[in-house]
Amino acid sequence: MIECHWKSKYGIDCFGCGFQRSLNLLLEGEFLESFKMYPALVPVIFTFIYTALHLKFKFKNGARHIVIFFSSAVIIMLVSYFYKLLL
């Protein structure tokens with residue numbers, strides 16, 4: 001695993017802490033544990049896949065959907081980050 005520079009320097013998690021471990025858990029089939037580790041993983045992956053498909057097939061309103069998906073993923077990241085900080 002790649003060490004988090006932010007966490008090693010400041011001693012607190014960054015917004016992306018847990019992404020790698022969550023991706024490993026997801027690839028191993030541990031879906032619930034992956035979600036608990038980093039809830040924004042699936043929306044982020046979905047956003048990247050949708051963006052790649054939109055670049056290839058030019059979906060109608062695709063750009064608007066990408067903004068909505070990305071915004072949703074960021075909101076989930078922020079909520080889970082502050083939830084982890086407060087606990």
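Modeller: A salt bridge is counted when a side-chain nitrogen of Lys or Arg lies within 4 Å of a carboxyl oxygen of Asp or Glu. The general idea is that side chains of opposite charge can pair when their charged atoms come close. The model is predicted, so local features need pLDDT of at least 70 and side-chain atom pairs count only at pLDDT 80 or more, whereas totals for chains, interfaces and linings use all residues. Residues are numbered from 1 along each chain as its sequence is written, and side-chain values use heavy atoms, with hydrogens and water left out.

Biologist: How many salt bridges does this rule give, and which residues are linked in a network of them?

Modeller: The count comes to three salt bridges, and K7, D13 and K84 are the residues linked in a network. The side chain of D13 meets that of K7 at 2.9 Å, N to O, and the side chains of D13 and K84 meet at 3.9 Å, N to O. This second pair links distant parts of the chain, since K84 is in helix α5 and D13 is in the loop between α1 and α2, 71 residues apart. Helices here are DSSP runs (H or I, at least four residues), numbered from the N terminus.

Biologist: Are K7 and K84 buried, partly exposed or exposed?

Modeller: Buried means under 20% relative accessible area, exposed means over 50%, and partly exposed lies in between (1.4 Å probe, protein chains only). K7 is partly exposed because its relative accessible area is 40%, and K84 is partly exposed because its value is 36%.

Biologist: Where do K36 and E33, which also meet in a salt bridge, lie in the structure?

Modeller: Both lie in helix α3, three residues apart, about one turn of the helix, and their side chains meet at 3.9 Å, N to O. At 55% relative accessibility K36 counts as exposed, whereas E33, at 38%, counts as partly exposed.

Biologist: Which residues make up the largest nonpolar core?

Modeller: In soluble globular proteins, nonpolar side chains tend to be buried together. A nonpolar core is a set of buried Ala, Val, Leu, Ile, Met, Phe, Trp, Tyr and Cys residues joined through side-chain atoms within 4.5 Å. The largest one has seven residues, namely L26, Y38, A40, L41, V44, A73 and M77. Helices α4 and α5 each supply at least two residues of this core. If we leave aside neighbours within four places in sequence, V44 is in contact (heavy atoms within 4.5 Å) with F19, A73 and M77.

Biologist: What do the buried residues of α4 pack against, and which residues are they?

Modeller: The buried residues of α4 are L41, V44, T47, Y50 and H54, and they pack against α2 (19-27), α3 (31-37) and α5 (62-86). H54 is buried because its relative accessible area is 15%, and, not counting residues up to four places away in sequence, H54 touches F59, G62, A63 and I66. Just after α4, K58 takes a positive phi of about 50 degrees.

Biologist: Why should the 17 residues of helix α4 (residues 41-57) span 24 Å?

Modeller: The expected span of a helix is 1.5 Å times one less than its number of residues. At 1.5 Å a residue, α4 should therefore span 24 Å, and its end C-alpha atoms are 24 Å apart, which agrees.
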